[in-house]
Amino acid sequence: RNEMPKNRSQESPMVSLQTYSKDGTMVVPLRPSVKDYAWGIRGLDSRVARYALESGIIDEVDPDSPYAELWIGTHAKGPATLRDGSTLEEAVGGQLPFLFKVLSAGKALSIQAHPDKTGAERLHNNDPTNYGDANHKPEMAIALTPFEAMCGFRRIEEIAILIKKHREFAACISETAKLAVFLAHDEDSGRSALKAMFSSFMTCPKEESLKNLKALLKRLQSEQGGHHPHQEPPWERKCSRAILRLSQQFPGDPGAMSPFFLNYLLIAPGESFYMDANEPHAYVAGEIIECMACSDNVVRAGLTPKFKDVENLVNMLTYSMGGPSIDAGSSPTFGDDRIMRYTPPTKEFEVMVMTCNPGEDLNMPKLAVPAVFIVIEGSGSTDNTQGQRLVMRPGRSYYIPPNCPPLTLSVSGTKRGPLRIAVAHQNQHIHCPTVSPAGSPQTYAGEFNLGASPMNPKSPRRIAGNSCPEPPSLSG
């Protein structure tokens, strides 16, 4: 199933929302689209479920359903609507260039990547059933809870160590590919070795990979019980436990060994990362807000019962090394340090998170482009020059027309916590990104702390403050 049951009719009023005008001078309440996928979080434990209930698109939460995604945008597979039944696309006058989501992941999503524009057009033309649009899908995630994700390939040196240490993993890779990994000495040979390794692993005969997976799990379970011959460093324990967890979620899927070649990251609330086209990743657990170009194209290869397209995935990846940068946004934005800006290096979207504390007012900036926002935490009220007073509660979402008189957020001094909203719109700061894709000089360099290498000459740097990142220095 994709659509959740028990939807309210689109004509029924949303509780506690004031009247509004569609003449472009007022903020308009929205009804997002809710999705259930097997990896979602069940019942009221899911933020997606609670938001869907508050926004009026379901009457009750099914405790057994895995509520996975809330879509706010104009994509044909899940268009947001206004409360009178018209679509957000009609209100905007066309497609938004981005799709804004809330994700609640109870278990791992598939090993996947998203195509660039050229690849998306080719996939859509050749297989429109599995690739329903011709757009690329770069995406940015901002953690709402502690969030686990596998993002980007490990450094080739790390993979070489893991191949030597774990004979079961090594047995799923051809001798030629292993030799390429061991002999890699610069960026080009490293990328070539990564492709050979990944292709060999993903095309290993099922009987062989399953046999080795069973042997690996048996050994790792024994070592987790304390019967290992030496003390493991923390990163190895994390890697082993991740493999055991993934194997429980997807029994018999060799993709459970993916922590051996993908970076395994823990993202703190408020931190963000960006996944460019053609970069492998798999979200593991937690809740995020996510913004992306308006597409639903996904090329999958493991940890999923859905359609797998190993050949296309192997051929489309960039095989850059190191995960994405992990950053906490940039402030002040629009002169207010309560407005945190998350800006990717792509033109379609950026996100602002605004925090209004008890006893404070916060003036939202006036935007020249269409925007949407969702209340992610706390409660409060709004006002503007049009006298538009709205009650803010977690899960309620709104459309802001271009040049609409900005809202002023207000939180009573008696409240015990802040009101926090997330606003998505077309990128207005593309010259000054706050996040970097995998493989750039600011990205995560790996868990081994092996230092600089010919394949990774620079250490990762956080992008701090509100200034643009400096270009990587060629000296020092």
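A cavity is a set of grid points where a 1.4 Å probe fits but cannot get out, and its lining residues have an atom within 4 Å of a point. Keep that in mind for the structure above, which is a predicted model.

The largest cavity has a volume of about 70 Å³. Its lining is made by V27, M364, P365, K366, L367, I400, C404, P405, P406, L407 and V423. Sort these residues by class, and ten are nonpolar, none is polar and one is charged. K366 is on the list of lining residues, and K366 is the charged one because Lys counts as charged.

Now turn to the open space. The largest pocket has a volume of about 680 Å³. It is lined by 33 residues. Which elements give two or more residues to the lining? They are β2 (33-42), β3 (66-72), β5 (98-105) and β11 (281-293). Strand β2 supplies the largest share, four residues.

Step back and look at the whole chain. The protein has 476 residues, and 58% of them count as buried. Its secondary structure comes to ten helices and 21 strands. Look next at contacts between residues at least 6 apart in sequence. Of these, 77% join residues at least 24 apart. What about the surface? The protein exposes about 19100 Å², and carbon and sulfur atoms supply 51% of that area.

Next comes the inside. In soluble globular proteins, nonpolar side chains tend to be buried together. Here the largest nonpolar core has 55 residues. F169, M197, F198 and F261 have the most contacts inside this core. Take F169 as a guide. Set aside its neighbours within four places in sequence, and F169 is in contact with L162, I163, M197, F201, M257, F260 and F261. Two of those partners, M197 and F261, are named again among the core residues with the most contacts. There is also a second, separate core of 37 residues. Its members include L30, V34, I289 and V351.

Finish with some details of the backbone. A cis peptide bond joins S331 and P332, with omega at about 0°. P332 sits in the loop between α10 (310-316) and β13 (339-342). F334 is found in that loop between α10 and β13 too. Phi of F334 is near 55°, a positive value in a residue other than glycine.

L303 has a phi near 55° as well, again a positive value in a residue other than glycine. L303 is found in the loop between β12 (299-302) and α10. Are these two residues buried or exposed, or partly exposed? L303 has a relative accessible area of 1%, so it is buried. F334 has a relative accessible area of 46%, so it is partly exposed. The cut-offs explain the labels: buried means under 20%, and exposed means over 50%.

Definitions and conventions. Residues are numbered from 1 along each chain as its sequence is written. This is a predicted model: local features need pLDDT of at least 70, side-chain atom pairs count only at pLDDT 80 or more; totals for chains, interfaces and linings use all residues. Side-chain values use heavy atoms; hydrogens and water are left out. On a 1 Å grid over the protein atoms alone, a cavity is a set of points where a 1.4 Å probe fits but cannot get out, and a pocket is an open set with protein on both sides within 12 Å along at least five of seven lines; lining residues have an atom within 4 Å of a point. Grid points are joined across faces, edges and corners, and a volume is the space filled by probe spheres set on the points. A nonpolar core is a set of buried Ala, Val, Leu, Ile, Met, Phe, Trp, Tyr and Cys residues joined through side-chain atoms within 4.5 Å. Buried means under 20% relative accessible area, exposed over 50%, partly exposed in between (1.4 Å probe, protein chains only). Contact means heavy atoms within 4.5 Å. Accessible areas come from the Shrake-Rupley method with a 1.4 Å probe; for residues, only the protein chains shown count as cover.
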